[in-house]
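Please examine the sequence and the structure shown below before reading on. The paragraphs that follow lead through the model step by step.

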Amino acid sequence: MRKQSSGQTFRITGARQGLTEDVRGRQRRYVISMGVRTVAVLLTVVLWNVERPVAIATLVLGMALPYIAVVIANAGRENVPSLPKTFVAGPSRPMLTPGPTDGTSDSVPERPAAGTSASDSDLG
């Protein structure tokens, strides 16, 4: 038989990924970028005398990719657009509504402050 909960429900669907997984993913992206850079530099050497425009394009790629890879690797953890709430809100209780505003309320007239008389409060 199930225990009845006290009404608080935890939600974990919007939780961030762990720090270890985040670092591993950034390292993987950096290694892949450096592998592409190595291939681009090797293609530059091979194609320099064969197809010069392609060799220049691979040279530019090989020069720009380290900067891009470092920026991507050091970007840090992704920001969650909105942090998840810890608790799922339960049904809300109805709020008391204000009394009538037409001047017919059963309000008690204000009393003078302690230590003053009614004539003192009328002077000031």
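UniProt positions are given here in the numbering of this text, with shortened feature names, and such annotations may be inferred rather than shown by experiment. With that in mind, the unreviewed UniProt entry annotates residues 30–48 and 54–75 as "transmembrane region". This is a predicted model, in which local features need pLDDT of at least 70 and side-chain atom pairs count only at pLDDT 80 or more, while totals for chains, interfaces and linings use all residues. Residues are numbered from 1 along each chain as its sequence is written, and side-chain values use heavy atoms, with hydrogens and water left out.

The overall plan comes next. The protein chain contains three helices and zero strands; helices (H or I, at least four residues) and strands (E, at least two) are DSSP runs, numbered from the N terminus. Along the sequence, the pattern is therefore written α-α-α. Of the 124 residues in the protein chain, 11% are buried, where buried means under 20% relative accessible area, exposed means over 50%, and partly exposed lies in between (1.4 Å probe, protein chains only).

How do the annotated spans compare with these helices? Residues 30–48 are 95% helix and 0% strand, and the end C-alpha atoms of the span lie 27 Å apart. Residues 54–75 are 91% helix and 0% strand, with end C-alpha atoms 31 Å apart.

Aspartate 22 forms a salt bridge with arginine 26, and their closest N and O atoms are 3.3 Å apart. A salt bridge is defined as a side-chain nitrogen of Lys or Arg within 4 Å of a carboxyl oxygen of Asp or Glu, and by this rule the count comes to one. The two partners, aspartate 22 and arginine 26, are four residues apart in helix α1, about one turn of the helix. An α-helix has 3.6 residues a turn, so residues three or four places apart point the same way. Both aspartate 22 and arginine 26 are buried.

Helix α2 can be checked for its length.

Which residues of α2 are buried? They are Ala55, Thr58, Gly62, Leu65, Ala69 and Ala73. Threonine 58 counts as buried because its relative accessibility is 11%. The C-alpha atoms of threonine 58 and valine 41 are separated by 6.6 Å, although these residues are 17 residues apart along the chain. Methionine 63, also found in helix α2, is exposed because its relative accessible area is 61%.

Tryptophan 48 lies in the loop between α1 (19–47) and α2 (52–73). With 34% relative accessibility, tryptophan 48 counts as partly exposed.
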